[in-house]
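Biologist: I want to learn how to read this model. Can we take one feature at a time?

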Amino acid sequence: PDTALLGKELRRQQAGLADYFKDYDAPTDRKMMTALLEIFDKNVPDSLKPEFYLQQRSKYKRDFQKWSDDVFEASVFDDQSQMEKQLASFSKSTASKFAKDPAYRLADALMGYYREEIADLFGYFNSELGRLNRMYMAGQRAMQPERKFYPDANGTLRVAYGQVRGYEARDAVQYGYLTTLDGVLEKYKPGDEEFDLPARLVELYKKKDYGRYSVNGSVPVSFVATNHTTGGNSGSPVLNAKGQLIGTNYDRVWEGTMSDLLFNPEICRNITLDIRYTLFIVDKFAGAKRLIEEMDILE
């Protein structure tokens, strides 16, 4: 490998080490490496594996656990302090050590093989698949002129429609269509990564200082509806039948995560951040009243 380019890339990554390692767990990563090596070896023919991989597999006699253990014992890439130390005094000698690191050598072999032997063919067949799918769709439309086909809206503006509605997740478990600030505080756990809250929000809740955004003694937070949502929809505006902004789409319910493969109208629901909660945060929490004054808010 080009040690100069490697050094340049590693220096570029140096500033991001803390962010990377704050969520990194080496024992889990080691288990994942073992499992992924087994899956790769079982499902990919030897003709599509790089020579370095085949040499290492022969060396370890398919003992992927031992292979993973040796990589993690010898590599510096799973240790933040070692990485910081090496990068702090980076040189050609350090670059050579990185280039010989067993984790780097394996990753470089796999990615290099993919770029040189697979990527171009993969792109070609994807292009052919798109062309043939267009022919297939044209054939279906010619054969069934009365049928209404669901449009392929990838890369275009997609407009979906549905109804605000709760659902029955499973036997005797029913979810309403709306959540409120009361529920946010019920989940509140000081210091917790997911469920901590700013002191200002807790204060507003305790004082019930909701301003014009109060509905039945609380503030609406999120609602669910029968729209199909998928990766990339987050942040989409949600409009009512009059074209008025009522929220922002950001998720789908757990029971409906299979909807990319099979949409079940009984349990598939998108989750929308209620515009009243957005305005409450902008106005009462953040105090950005000038932004509120710029909007036409209908009540």
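Biologist: How many salt bridges does a search of the whole structure find?

Modeller: Side chains of opposite charge can pair when their charged atoms come close. Here the search finds 17 salt bridges (a side-chain nitrogen of Lys or Arg within 4 Å of a carboxyl oxygen of Asp or Glu). The model is predicted: local features need pLDDT of at least 70, side-chain atom pairs count only at pLDDT 80 or more, and totals for chains, interfaces and linings use all residues. Residues are numbered from 1 along each chain as its sequence is written, and side-chain values use heavy atoms, without hydrogens and water.

Biologist: Which side chain meets D46 in a salt bridge?

Modeller: That of R57, at 2.9 Å, N to O. D46 sits in the loop between helix 3 and helix 4 (51-60), and R57 in helix 4, so the pair ties together parts eleven residues apart in sequence. Helices are DSSP runs (H or I, at least four residues), numbered from the N terminus.

Biologist: At what angle do the axes of helix 7 and helix 8 cross?

Modeller: Two packed helices are described by the angle and the distance between their axes. Helix 7 (residues 92-100) and helix 8 (residues 102-143) cross at roughly 65°, their axes coming within 5 Å. Axes are lines fitted to C-alpha atoms over the stretch in contact, with angles from 0 to 180 degrees between N-to-C directions. That makes the two helices roughly perpendicular (65 to 115 degrees).

Definitions and conventions. Angles under 35 degrees count as roughly parallel, over 145 as roughly antiparallel, 65 to 115 as roughly perpendicular and the rest as oblique.
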